Amino acid sequence: MTTSASWPDVPAFPLAAKSALADAQMRRNIGMATSTIREKRTGVVEEMPDWEQLREAGRALKERTLRHLDEHLLTLEESVTRAGGVVHWARDGDEANAIVTRIAKSKGVSEVVKVKSMATVEIELNEALEAAGITALETDLAELIVQLGRDRPSHILVPAIHRNRAEIRDIFRRTIGPETLTDEPAELAEAARRFLRERFLRARVGVSGANFAVAETGAIAVLESEGNGRMCTTLPETLITVCGIEKLVPAWQDLEVFLQLLPRSSTAERMNPYTTLWSGARDDDGPREFHLVLLDNGRTDSLADELARQTLACIRCSACLNVCPVYERTGGHAYGSVYPGPIGAILTPQLAGMRAAGSLPFASSLCGACYEVCPVKIDIPTVLVHLRDRSNKERAAASLKGRLDPERLALKAVAKGFATRGRYERLQKLGRLGQWPLARKGKIERLPGELGGWTKARDLMPIPDQTFREWWVEREASR
Amino acid sequence: MRIALFITCFNDTLFPRTGQAVVRLLERLGHEVVFPLEQTCCGQMHFNSGYHDEALPLVRRFARVFRDEPLIVSPSGSCVAMVRDHYPHVAKESGDPELIEAVRTLGERTFELSELLIDVLGLGDVGAYYPHRVTYHPSCHALRMLHIGDKPLQLLRAVRGIDLVELPAAEQCCGFGGTFAIKNADTSIAMLDDKLTNVQETGAEVCTAADNSCLMHIGGGLSRQRAGVSAVHLAEILASTEAEPFGVPAVGSGDAITVVRA
Amino acid sequence: MNAARDAILARVRAALRDVPEAERADDVAVARDYRTEGTLPHAEVVALFAENCADYRANVREVDAAGLPGAIAEALAARGARRLAIPADLPAQWRAGDGVEWVEDHGLSHDALSAVDGVVTGCAVAVALNGTIALDGGVAQGRRALTLLPDYHLCVVHAEQVVELVPEGIARLREAALAGQPMTIVAGPSATSDIEFNRVEGVHGPRTLDVLVVTG
């Protein structure tokens, strides 16, 4: 997957965030949208007396899946094959793209219709198909807005969340028309319906992702709202599904948990309008040919990290984005990845590597709002600090510059200083002495070097002339 | 009751007033406060910043210093959360069975101040008097890791003379986040701006919380904006009585650092 | 291709070296202590279904068995639907209405399905808690395209097909799932929340969904 390079010099997220924060319109759009969805989610979660039990079951089911993933993958392969599908395996994005391109080319098509899929954005399938002369048409409304606006997705569920209705109207007027279009959401949706209808009817190859893949029955589940997912998975003669290997659930029964957790966490509905489930291919209903591409692309690296493995439990609901105070202010583009927000901050570095995305685990105040809403209880804050440790270590191991990072040297020195009482107390005195050139009228308004980030908007009270322990010792002595 | 004070390196050095307030409060309530001078730091700063090897010796040190204390209190929600939530994880990664066992009981014996007062000592009213307009910011780690809920508010509601006003969007993070405030200063400041707007909307003279780290952040912003609002730790409000007011430090005057002499 | 398969499986196994060899997947405990069996009286379950289904802008009407043909005719007339696609096994008594042309689906083309005024089907199971209707290709349901391309869907739900909870619904679909039947679960007409997170009904799927719940 692609992310902007960050090592050794560039702090990728802070810089990208800085320009995003300056975009007042985008901040307003995202602020409005996330506060709407937050409130709705709270409503549909609060009406569920067994929500916590469902969350725990969801977490446990994903643990059961991941701890025995090899076994479940083989079961799935067998089930899909038995149901008339063809299973392919792809170590990385290039392999997956090559498989999809080869199948599409063998059908002689110049266009495929796509239902929104994070995995295919991750591996840049559209670009690969384009290079082979095949147009991949996104059919999800938000994804279509992004595609027509030559934009990048900024949210897992609503990739065009950074656009408001007036901006969407302008994009549609420019591209699919008509020029008389207003910014009424119903009219915008109607414009998309007209534009796509005929394309659905003539499409011969469809491409999808998967929300869940049931090992026991071979069923693939796609949850959606608009009906474009049904169109893409039902009408074409050939259907290709790209599915991350972590999307498995062991048994049919397990859907009873996830079909409750996902819609309420995602679109804040009791249930999304349409859910399609199919196994393999058949002659009397839907595509005659079905290809399932099982994608690794870094997932086994995450699996190998015992603590961070839980990241793979993610069902891509995006509830963590909607409650994240960082995401709400920077938007999704600052993360430089298809997966933004808290989940992106832990998933992207694991898939793309620390060198490419080592700044992301630091893009959090560790407020914990994400963990609270996660439907499968991924302890995002704990994974964040774990990945910070990995990022620091890998960076130090990779270069002298990393080893000489001022924060690293300072924190190592402080840790040494805090190791004994004597050194600790000397450090306290040293701090008091060292600050005298900085303090003016009882406060510090400017700090040097990297610490200057603090005093951009915040004063600092100087270190008082007596520590608590000095006061305590003095008091004990006077008793 | 014998209560060991874990002051935290941050309060020890930067906010001694808060420690003094805890001592005064607990002694007024008839308890014996002890302060193990060997304590330094719980290791949270290192752990949260991603320096886990450096945090480990500090965890060991903490476990040793407080090994025999039956009851430990700290005026910091985030440091208590470190001990209770993260110590088991650090210990597990170290693979040291003795440390694993040591931190298990530590978590059960260490309390944030409002938890100690309400859950352990069974007090809702500590007899405080504080005639000021106050708003309360629930700090994230106290709220979401310790789940202290409205315990600080219960204590504040019982304070005589107080004019307690609700903070809009109270549960939104203030943007401090340790090194986040420096590494991602622009984002941190954008979060702080919204918090400051909400604080000022209440018309409060004092913004309080269970963590001085958040208060340093909020207070630093209020000071820069010359908002005329002080950031004061919960302990200092609860320590105040009619006979012995603990006082509100005047913003930016240097009063914030004045030490109450014994 | 086999190389990729072998490599991925090897990487998975290497990544899971911390999992004890003797551990089986079912050894990982999953507490199913959420609600799995409904507690409401059945009449209330049906009422709750009607309420939740209507909440997503489906038009829900309760009728008794004798009144069903009349209700179908009324609904079709109200929508101005005269050419209706139907699964070939749709019960004869449901084919009601003056001047309505019934087009049985024996492999109708997509264009033909797009050209009809609507579709009439039954369903496999309906869930009260979230107001959903599931079609599994069983009796009176037809294939997936049938209920997708026409702009209007009239769905008949028998009271005994309504269960209270999602786990009960998933259990009823299990047999069809094991048989490899494709399925569609529907909650109201098609919709989108992609513009400022505000829900708008009617995108690609049927824009109108009428539901007749047959009680007694």
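**Basis of the entries.** I worked on a predicted model, in which local features need pLDDT of at least 70 and side-chain atom pairs count only at pLDDT 80 or more, while totals for chains, interfaces and linings use all residues. Residues are numbered from 1 along each chain as its sequence is written, chains are lettered from A and ligands numbered from 1 in the order in which they are written, and side-chain values use heavy atoms, with hydrogens and water left out.

**Chain A with chain C.** I noted 98 residues of chain A and 80 residues of chain C in contact (heavy atoms within 4.5 Å). The two chains bury about 7900 Å² between them, 57% of it on carbon and sulfur atoms; buried area is the accessible area (1.4 Å probe) that two parts lose on being put together, summed over both. On the chain A side, Arg193(A), Trp252(A) and Arg270(A) lose the most area to chain C, together 9% of what that side buries. I recorded 17 salt bridges between chain A and chain C.

**Chain A with chain B.** Here 71 residues of chain A touch 71 residues of chain B. About 6400 Å² is buried between chain A and chain B, with 58% of it on carbon and sulfur atoms. The count of salt bridges between these chains is eleven. I also looked up Arg479(A), which forms a salt bridge with Glu27(B), the closest N and O atoms being 3.4 Å apart.

**Helices H21 and H22 of chain A.** I took helices as DSSP runs (H or I, at least four residues), numbered from the N terminus. Helix H21 (residues 406-417) and helix H22 (residues 421-434) of chain A pack at about 125 degrees, their axes 8 Å apart. Axes are lines fitted to C-alpha atoms over the stretch in contact, and angles run from 0 to 180 degrees between N-to-C directions. H21(A) is therefore oblique to H22(A); angles under 35 degrees count as roughly parallel, over 145 as roughly antiparallel, 65 to 115 as roughly perpendicular and the rest as oblique. I found Val414(A), Lys416(A) and Gly417(A) of H21(A) meeting Arg423(A), Tyr424(A) and Leu427(A) of H22(A).

**Helices H9 and H10 of chain A.** The axes of H9 (residues 165-175) and H10 (residues 185-202) of chain A come within 11 Å and cross at roughly 30 degrees. H9(A) and H10(A) are therefore roughly parallel to each other.

Key:
Helices (H or I, at least four residues) and strands (E, at least two) are DSSP runs, numbered from the N terminus. A salt bridge is a side-chain nitrogen of Lys or Arg within 4 Å of a carboxyl oxygen of Asp or Glu.
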